[in-house]
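Here is a short briefing on strands and aromatic rings. Take a look at the chain before reading on.

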Amino acid sequence: MKKKQTETKKGPTKAGMLISAYRDEKCLSQLELVQELAKKGIIIQKGSVSNWENGVATPPLETFMSLCQIFEIPDVMKAYFGSNPLSPFHGLNDKGMEKMLEYRDLLLASHLYDEQTAEVIPFATRKIKLFQTMASAGTGNFIDGDDYEWYEAGDEVPQEADFGVRLSGDSMEPRFINHQTVWVHQQDTLQNGEIGIFFLNGSAYCKKLGTDEGGVCLISLNPKYTPIRIKDGDTFKTFGRVVG
């Protein structure tokens, strides 16, 4: 014959007693407390407060902290455990706590010890032109006019860049590869050895500028391409210096 098991009746928990005591102090009904929690985005069943207060259930941590806000409990740890050794008021009587608060008010009024909050500065983006017509790293294509899109530049684009252009060909390998986007600072002249975007006889090139006793030439980084010598009568222009 099986023995009849006796059921142990649960009583109110610390959390339940705290909720009940502070709800009474605030003169809130259980339904009104449910409505106050709903204002904070916490939706519970109507019987939940009764279950908490009777020890049938325990509120989740987020809900419990929201309840403490509704009850305006200044020291949750002291309210729950009876004392809070970490509190600056620990060990002080009412008069001592009053003096502490007076001193805090003096510090706040001086503004010498104001809490510093970090200012969130939104990430500022800038838009620069990204030309769709490819500048050749081989045969040469024209780049100018309205064939571009606005590109929202981030950290990947050097601050000194004024526009971007996509490359075609392999003459600037290994540093620049086919279809890579390069970023360019717009300027009319370059120094010997600098890489830039150039206009020559109706086409655009990405090359290294070379100058010698024979004049100006556009040099490829890929050794299989011979330099392009700028001749008298050629239409030649510098678009800018490649910066990234």
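Predicted model: local features only at pLDDT ≥ 70, side-chain atom pairs only at ≥ 80, totals over all residues.

**Strand pairing around β9**
- Strand β9 covers residues 236-242 and runs antiparallel to strand β4, residues 181-186.
- The two are joined by 3 bridges.

**Aromatic pairs**
- A pair of aromatic rings is described by the distance of the centres and the angle of the planes.
- The count of aromatic pairs is 6.
- Tyr-80 and Phe-81 have ring centres 4.9 Å apart and planes at 75 degrees, so this pair is edge-to-face; the cut-off for that class is over 60 degrees.
- Tyr-80 is partly exposed at 28% relative accessibility, whereas Phe-81 is exposed at 53%.
- Tyr-151 and Trp-183 form a tilted pair, with 5.1 Å from centre to centre and 40 degrees between the planes.
- Tyr-151 belongs to strand β2 (residues 148-153) and Trp-183 to strand β4, so their pair ties together parts 32 residues apart in sequence.
- Tyr-151 is partly exposed, with a relative accessible area of 26%, but Trp-183 is buried at 7%.
- Ring pairs also link Phe-64, Tyr-80 and Phe-81 into a cluster.

**A charge over a ring**
- Lys-207 lies over the face of Tyr-225, 5.7 Å from the ring centre.

Conventions. Residues numbered from 1 in each chain as written. Heavy atoms only, no water. Pairing = 2+ DSSP bridges. Helix = DSSP H or I, 4+ residues; strand = E, 2+ residues; numbered from the N terminus. Phe/Tyr/Trp six-rings, centres within 6.5 Å; stacked < 30°, edge-to-face > 60°. Buried < 20%, exposed > 50% of the residue type's maximum accessible area, 1.4 Å probe, protein only. Lys NZ or Arg CZ within 6 Å of the ring centre and 35° of its normal.
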